[in-house]
Each structure stands twice: as C-alpha cells, then as structure tokens.
Amino acid sequence: MDRRAFVASVGGAGALAAMTMMERADALEHAMSEELDRAIVKSGICTTYGREEGLTHAVESGGQKKPYMMGHDPRLPRMSDKPTLMEFFEKRFGSVNHMLQSAALAQKNGLPDKVVLACLLHDIGVGGLLRSDHGYWGAQLLEPYVDEEISWSIRYHQALRFFPDEAMGYTYPEAYVRFFGADYEPDEYIKQAHDYARNHKWYETARHITINDVYSFDPNARVELGQFADIIGRHFRQPKEGLGFDNSPSAHMWRTMIFPNNFL
Ligand SMILES: [Fe+2]
Ligand SMILES: [Fe+2]
C-alpha cells in the first residue's frame, strides 16, 4: 500500500516512530485489510506469536540478547496441570459461539447426542490450531477420545461443505459464493474426499454437521457450554492425566495449544 497513506492512517510520522515493531505490524495489517477489504485470518495457534513483553528467558545471538519462551506463556490464560476439554473451550478455542450455536441447533433438530457432540467440536481445528484443512486437524485431535464416527464425520465435513445434497436439505453455502466466486471449483483432494464420504456408512452424520453448521440460528439465543456438559461427560473420554499429558497419539497437539510458543 501507499506509504504516505499508511503513515497518515496511524496519525503521522511521530506516532509511527513511537510504536513498537509489533504495533507497527498490527497497524500495517489493519490498514491493508481495510484497504483491500480482505480477511487474512491468522490461525488460532498463530495469534499468540510475536508479542515479546513479559518474556524472561533470553539467548545470546550475535552479541544481542533475544528473548524466547518456554513453559506457561504469561500472556495467555494459564491452563491447569490436567486440562479438560471444557478448559480448552474456556481458555484456548476460538469460534466457540459458532460451535455452541451449531450444537444447539442439532439438539433442537432432535439429532442424537453423538451428532450434537460432533457439531459442538466440528471446528476445533479452526478455533484452536490451524484453519487450513481444519477438518483433518480437528479429527486427529479427537480420535483418541471419541467414537470413530464422530472424528470421521468432523474430518469429512470440511469437504462436504462444498457439495450440495438437496435430498438431505443441504444447499451450497451463500457465503462460499461471496468468498470464492460463483464458479469456484474445490481442489481435487476435496472432491475425492467428498466422493469417498458420500458412499460411507457414516455419511449422514458428517452431512448433519454441515446442515447444522450455522453462525447464528437465533441472534438472541445465548448458548452456554454448560448445557452440553452431560453429553461431553458421556461421549468424550477425558484422560485422567489431562489433555496433552496422557501420551495419546494426539497429546502433542493438545500440548502445542497449551504451550504454543515454546522455543524448543
Ligand atoms: Fe468447518
Ligand atoms: Fe463450522
């Protein structure tokens, strides 16, 4: 973007000089997104990078002390030693309201608990770790702790979102036309994933995730996580050591959300 316009947007050269590098980067990002009317959204795990106040450790490098992070990051809500799924909802996940709304709608539609839980957890990849291929990341996080049908369905909802199924009442999302254009073609791997899922015994469960995938079904509804505590208790195998510390195949992924900025 034009440098003069940017300098003016932050209140002039004096104001710019008084900013830290991080503030300048934020201001530039903000100005660019305003100018281009686009949303380049950082992944949940990435929003914790870059701010350096409060770091106590430092390494010598080229005659300079460079701060680094190990252990609990003082800039983030502190996780307990035995974190539960509920705690991740409270302290780490984004997109929480969207997932709560989706689960509440699934419940209102009379769907079984397993589907409600799948809806409640369907975007934890986006909300906690990485936006890109979020269905796959979410499924992997959950595999050790839920019925395979739930994690399978979360993996495939990502691809199914791109393909209508009028018979089940799912039309192509309006929002995708706005985001990607009317003649958008999904990548080949997404098409393959859809074709595979379409003929699978759990297809309907994954499809229900896409049908109940709403940003708000009722703008006045306040959905609380607590209303799903029973379903979580019955269908999510919370490890007694805490998520991240139970040596499961995805424990490292949960630990990464607890300590997203560890140096090594
Ligand atoms: Fe999703
Ligand atoms: Fe979603």
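1. How are helix 5 and helix 6 oriented to each other, roughly parallel or roughly antiparallel? In this predicted model, their axes come within 7 Å and cross at roughly 165°. Angles over 145 degrees count as roughly antiparallel, so helix 5 and helix 6 are roughly antiparallel to each other. Helix 5 covers residues 96-108, and helix 6 covers residues 113-121.

2. The crossing of helix 5 and helix 6 is right-handed. On the helix 5 side, the contact is made by Met 99, Ser 102, Ala 103, Ala 106 and Gln 107. Helix 6 brings Val 115, Val 116, Cys 119, Leu 120 and Leu 121 to this contact. By class, the residues of the contact of helix 5 with helix 6 are 8 nonpolar, 2 polar and no charged.

3. Helix 6 also packs with helix 12 (residues 203-211), at an angle of about 50° and with the axes 9 Å apart. Helix 6 and helix 12 are therefore oblique to each other. Helix 6 passes helix 12 in a right-handed crossing. Val 115, Ala 118 and Cys 119 of helix 6 meet Thr 205, His 208 and Ile 209 of helix 12. The residues of this contact comprise 4 nonpolar, 2 polar and no charged.

4. The largest nonpolar core has 46 residues, of which Ala 103 and Leu 117 touch the most other members. Helix 6 gives the most to this core, with 7 residues.

5. Ala 103 deserves a separate entry. Leaving out residues up to four places away in sequence, Ala 103 touches Val 116, Cys 119, Leu 120 and Phe 228. Among these, Val 116, Cys 119 and Leu 120 are listed for helix 6 in its contact with helix 5.

How values were computed: Residues numbered from 1 in each chain as written. Chains lettered and ligands numbered in written order. Predicted model: local features only at pLDDT ≥ 70, side-chain atom pairs only at ≥ 80, totals over all residues. Axes fitted to C-alpha atoms, helices over the stretch in contact; angles between N-to-C directions. Helix = DSSP H or I, 4+ residues; strand = E, 2+ residues; numbered from the N terminus. Parallel < 35°, antiparallel > 145°, perpendicular 65-115°, else oblique. Left-handed = near helix turned anticlockwise from the far one by under 90°. Contact = placed C-beta atoms within 7 Å. Nonpolar A, V, L, I, M, F, W, Y, C, P; charged D, E, K, R; others polar. Core = buried A, V, L, I, M, F, W, Y, C linked by C-beta atoms within 7 Å. Buried ≥ 20, exposed ≤ 12 C-beta atoms within 10 Å, placed from the backbone.
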